[in-house]
Amino acid sequence: MGDSVFPEIEFAGQLRPSQQEVFEIAKKQLSQGQRRLHVVAPPGSGKTVLGLYLWAELVRKPCLVLSPNSAIQSQWASRVDLFKIKGDLESHVSTDPRKPELLTSLTYQSITLPSRGISEIDQSGLELWRNKLIDDNQVATLDEANCWIEDLREKNPGYYQKQISGFKKKIRDEVSRGGDSVSLLHRSSRETLGRLVERQVGLVILDECHHLLGHWGRVLADAMPMLGDPVVLGLTATPPDRAGKDDRDVRRYDQFFGPIDFDVPVPAVVKDGYLAPYQDLAYFVRPNNNELQFIATADKQLSDLIEEVCDQGFLKNELESLPAGTHSDPVGSVSSPANLPEWISRTLSDLTLPVGVATNWANFERRDPVFSLAARQFLISREIRLPPDVPELGGEDLPSRVPPLEYWVSVLDRFIRYFLRRASEPELQEVGERLTRSLRTLGFQVTETGTRPCVSPVGRVLAYSKSKSDALVPILRQEMDNLDKRLRAVVIADFERSSAVTSELKELMDRETGGAIAAFKSVLSDPKTDLLDPILLTGTTILIDDEIEEAFLYDCRQWLEKRKLTVSLSSKAMAGFRQISGAGADWAPRVYVEMITDLFQKGLTRCLVGTRGLLGEGWDANKINVLIDLTTVTTKMSINQLRGRSFRLDPAWNDKLANNWDVVCLAPEFNKGYDDYRRFKDKHRHLYGVSDDGVIEMGVGHVHPAFTDVKPEGLFGAASVLNTEMLMRSENRDHVRELWKIGHPYRALPINAVEIKSSNKSFGFPVGIRKKQIWTEESLTSSMAEAVMLSFVELGHFRSGLRYRLGQLSGGYVRIFLEESSPAESLQFSEAIKELLGPIDRPRYLIPRHVKHRYETWLSSILPELLGHYFEKTKTELAMYHAVPTALAKNRSDVNVFQKHWNQLVSPGEAIYAHRGEGEQLVHRARESNGQMIVHEKRLFL
């Protein structure tokens, strides 16, 4: 029976601002009869306290908390120490599924354990197995299938159990998706649910609820009516990764939790002072010589093949090798194209689609937008004129602004599938196969229906380059100088050892390459970083620096004895380190992970090396101040869990700031050379960080302004300079902490911003305006922005009184955005600045900018500087044409308003209509002559 009177439980602490906001939202929604609450909050933001507070203050009924593992299960039970009750609150708390209490904390597994012995599932699993054997042509009849399976059961029972378990799981999943999952549960889980029904649970808290896209979620959705439709609170640090999930499970998850009611951004909790501030840093490496040779060979194979199919006599040469009269024109064409460029040109000219012909270009582009763009980029890159009536490209679509592989793949995909594979000649089909194999090496699989990404040997070489493990030494040496004995570094890899290395990579990589063991050995290899006494900790292995063997074994035995755990430890000598083994009833990963984490916290080791599976969700060590990420994960869920390890406040260091490092392998001269950088970019796509000017930025640009969504600007040949800058930044913890402005309010609304960098460092002097000092990038950008903003105000698009903010960033970038503006104003302003300063695309109007340059004369050269400049010659010149922003170019009247402010603040000159006559010609000249200007769009938070 449930408690007839809920006791008075008082929270002994104080809610954080974000927790108070969630409480108010929950209070309102529950008063309106809503039964589902969905909250996203980062690790360390106080989700446990929030859930307990909502239970004690709002719901006030028996509560069930479910967690994915026993570590998190225990955290919920232990946090009741923050609450007071008449009597002993702990007596009302249970972690035993056989004895539910006022607060019952269990694991998901305890109430979702599937039955092992339901005959219908067994029979359905066998039937599924038999059918698969027949479908795969392994056997011809059901009798043969039964013989096959029975023979396997007798001769290899271990493999048989593994296979039948997999088929039974598929059957259980299918049945549970149909809403009958409770009937498939083990008796212990059904009994636990029965006891919870008797306890009259009124609140179910589902911690780390992103796990509920599969079996756990199906069971809980079916079990809620049994529990009397209690209030459900879903808590997670990040929404689930939906890629590859069953659509029915995704729909059920969305229906069960509903939309996110509150999303607590990491910066808000940092600024409130409840998470430690941090900075993200990157260290760049190049593949070693053997790895470079492999990448270069793969790259050259594709380049040579492209040159082969682009050769003027390609088709003629291939067909001439056949006996006379044995070939015909591919795809039934009247006359075959001579090579790939001619095939592209004919396809564009004739508007040929896979099936039929388009009536016009607009229809062709709509039906195949990817090819229609890539084909033009390919031809332009080879300086081949586009066919008549095929639109030219401009702006960001020009091939010079796009990695060649992007349009190569799209063009080769169509060429292989629509031409080479359909040719009757074996020689052309073989060319198609060679192109397919070459693209496969670079990570693109050409199928019958299109090209999709696949595992790339080149990508794997970059992701797990041996140079990445080597980079741990300079990073850790610098951090040792920064923090000395206070340093607590964690290195995270994808795996301990790779389970398999493909045949094409076996000469380059062994099983340890790119894994935790290789990282551990790298730290040991340097005399200075060896002083960190590293420990490797994975699900199956413990390795320690040989120099701490005695202290390690002593501390571990003390730790185990204190907790009355039955474990015996042994040590085996290896080359420069020791392997630790344990035996006994209590020896398990849960025990030794907690034990070694405690030793890390106290400083027996200052560098812990592990895998993301072990040191991920639920693992906590608040003294971490350096995280080095060697993993390849890019999903928001995995990244947030990983990065959340370093955000915890350290009670012993009030001014803690964590440095989070990524190690990125680059080979920019090759087509796939930015593969690892793209992974790095994807990791940071949903991560916040503080920028040089104290603004919070989402995306890779917060690590450095030069890191864009395409490739890092100017990185080729400058990686060592950037590495030096990053190592220097790692020293500036106090400065970065100040940039976070802890204690200041956080505005969660995004602001659109533009970052600009010009390759032209000679800006000249103003012409025809009041300003007389030489232009700088900052002053020129400011005047242009002023002209844009005043124009918007005068035309009624903006409120008066708005201000823009201009800031200098690393690498010579200037950032500009509107402060305290509406989302619409912010977007319109940034779009206008981007058009004004960015590459010329298809503007409606152009406006000139003139500058004055001074030239030295004989007399000015011999006079003192103060007098000499009066005798210099001056010459007014056209600096460049700028596009009048679209929002200010709708009609001539609006353009005149912009022109007025431009003339007053920037330069004399009349705006010119660019869609015909002289203006149309100016557009072409402006594209060719305008100086190189780098323009990035960003989303910021103040």
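A: Phenylalanine 11 and phenylalanine 83 are both buried, where buried means under 20% relative accessible area, exposed over 50% and partly exposed in between (1.4 Å probe, protein chains only). This is a predicted model, in which local features need pLDDT of at least 70, side-chain atom pairs count only at pLDDT 80 or more, and totals for chains, interfaces and linings use all residues. Residues are numbered from 1 along each chain as its sequence is written, and side-chain values use heavy atoms, with hydrogens and water left out.

The ring centres of phenylalanine 11 and phenylalanine 83 are 5.0 Å apart and their planes lie at 40°, so the pair is tilted. Rings of Phe, Tyr and Trp (its six-membered ring) pair if their centres lie within 6.5 Å; planes under 30 degrees apart count as stacked, over 60 as edge-to-face and the rest as tilted. Because phenylalanine 11 belongs to strand β1 (residues 9–11) and phenylalanine 83 to strand β4 (residues 83–85), the pair ties together parts that are 72 residues apart in sequence. Strands (E, at least two residues) are DSSP runs, numbered from the N terminus.

Another tilted pair joins tryptophan 587 and tyrosine 592, at 4.9 Å centre to centre and 35° between the planes; both of these residues are buried. The whole structure holds 27 aromatic pairs, and one aromatic cluster is formed by Phe284, Tyr674, Tyr677, Phe680 and Phe707.

A charge also meets a ring: arginine 36 lies over the face of phenylalanine 256, at 4.6 Å from the ring centre. The criterion requires NZ of Lys or CZ of Arg within 6 Å of the ring centre and within 35 degrees of the ring normal.

Terms used: Helices (H or I, at least four residues) and strands (E, at least two) are DSSP runs, numbered from the N terminus.
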